[in-house]
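Let's take a friendly walk through the charged side-chain pairs of this protein. Please have the structure open as you read.

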Amino acid sequence: MSEQGLMSELERLVSEDRNPKTMDIDLLPTIDILRKINDEDRGVPAAVEKVIPEIAAAVDRIVGAFQKGARLVYMGAGTSGRLGVLDASECPPTFGVPESMVVGLIAGGADALVRSAEGAEDDPKQGMKALQEINLTSDDVVVGVAVSGRTPYVIGGLTYARQVGATTVALSCNPRSIIAGLADIAISPLVGPEVLSGSTRLKSGTAQKLVLNMLTTASMIRIGKSYQNLMVALNPSNKKLVARAVRIVMQTTGCAAQQARQALDQTDNDVKLAILVTITGMGVEEAREALGAAGGFLRKAIGEKTV
């Protein structure tokens with residue numbers, strides 16, 4: 001696309017508009033700059049609230065994919081790509097799932113996580129190639145993340161995902177975006193112009209982070225990775241998480257710390273099993289079988305009423 005064509009395209013994007021409330025921001029003292037930023041940020045949750053039905057539709061597709069042993073794949077460039085990689089990378093320690101279950105792809109590869117590689121987003125073929133390299137299947141869900149909704153890397157990826165037959169989701173902050181037209185489900189929280197025009201790591205980035213949080217958290221809850229509001233599937237991979245695991249066992253069973261530690265030792269730090277063994281008195285293998293029969297849902301394995 002020519003420079004003139006690109007400029008014309010950017011002019012049509014809400015995320016590139018100038019914000020009339022911050023025209024004087026370069027004249028303000030620090031405290032007032034921060035208040036302006038904070039005032040603008042207040043509208044982000046409200047924008048996300050309006051698209052909860054679309055987020056819910058995406059979650060249901062993701063749950064279906066997980067139940068088949070398939071994957072959730074995020075792809076984006078710049079801030080959008082980094083946020084997708086961040087959300088994907090936090091799923092294994094939080095929910096005890098394999099790294100391959102939620103995948104984050106960013107234009108420019110791993111180097112783009114710490115260094116600007118903005119030019120990497122301009123080739124749609126790279127988006128297609130990235131999905132080919134992970135052997136995308138029709139059972140997977142691909143979420144294209146792009147504030148503008150026009151990032152070539154994401155367009156290429158979603159186009160290929162559609163060809164494969166995978167479920168496609170578009171997350172952008174502009175109405176009627178190109179990627180929204182390519183996707184089965186379009187999630188478009190409209191947060192309006194940024195404090196600094198076009199700096200979409202601000203409100204738009206915050207909106208994307210909120211949506212990504214919802215997609216994975218709700219999906220993991222739906223497949224049994226929580227008990228009540230506790231992370232019973234977490235991987236206790238460091239001292240803090242081991243201490244959290246002990247505390248979770250104590251909170252759910254009412255036992256003392258020493259008993260919680262013993263249960264975790266018996267179950268090789270499997271928090272769900274430790275809770276089940278402590279509450280029911282089952283042996284470890286019996287508890288493991290009961291949990292498997294319950295589809296991994298701890299409430300069901302315990303025998304509590306479930307929906």
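## What counts as a salt bridge

A salt bridge here is a side-chain nitrogen of Lys or Arg within 4 Å of a carboxyl oxygen of Asp or Glu. The model you are looking at is predicted, and by this rule it has eight salt bridges.

Start with Arg 288 and Glu 285, whose closest N and O atoms are 3.5 Å apart, making a salt bridge. Both residues belong to helix α13 (residues 284-293), where they sit three residues apart, about one turn of the helix.

How accessible are the two partners? Arg 288 has a relative accessible area of 41%, so it is partly exposed. Glu 285 is also partly exposed, at 49%.

## A pair between a loop and helix α2

Next, look at Lys 36, which forms a salt bridge with Asp 24 at 3.7 Å between the closest N and O atoms. Lys 36 is in helix α2 (residues 30-41), while Asp 24 lies in the loop between α1 (3-11) and α2, 12 residues apart.

Lys 36 is partly exposed, with 24% relative accessibility. Asp 24 is partly exposed as well, at 31%.

## A pair between helices α2 and α9

Which residue does Glu 40 meet in a salt bridge? The partner is Lys 203, with 2.8 Å from N to O. Lys 203 lies in helix α9 (residues 203-222) and Glu 40 in helix α2, so this contact ties together parts that are 163 residues apart in sequence.

Are these two side chains buried or exposed? Lys 203 is buried, at 3% relative accessibility, and Glu 40 is buried too, with a relative accessible area of 12%.

Technical notes:
Residues are numbered from 1 along each chain as its sequence is written. This is a predicted model: local features need pLDDT of at least 70, side-chain atom pairs count only at pLDDT 80 or more; totals for chains, interfaces and linings use all residues. Side-chain values use heavy atoms; hydrogens and water are left out. Helices (H or I, at least four residues) and strands (E, at least two) are DSSP runs, numbered from the N terminus. Buried means under 20% relative accessible area, exposed over 50%, partly exposed in between (1.4 Å probe, protein chains only).
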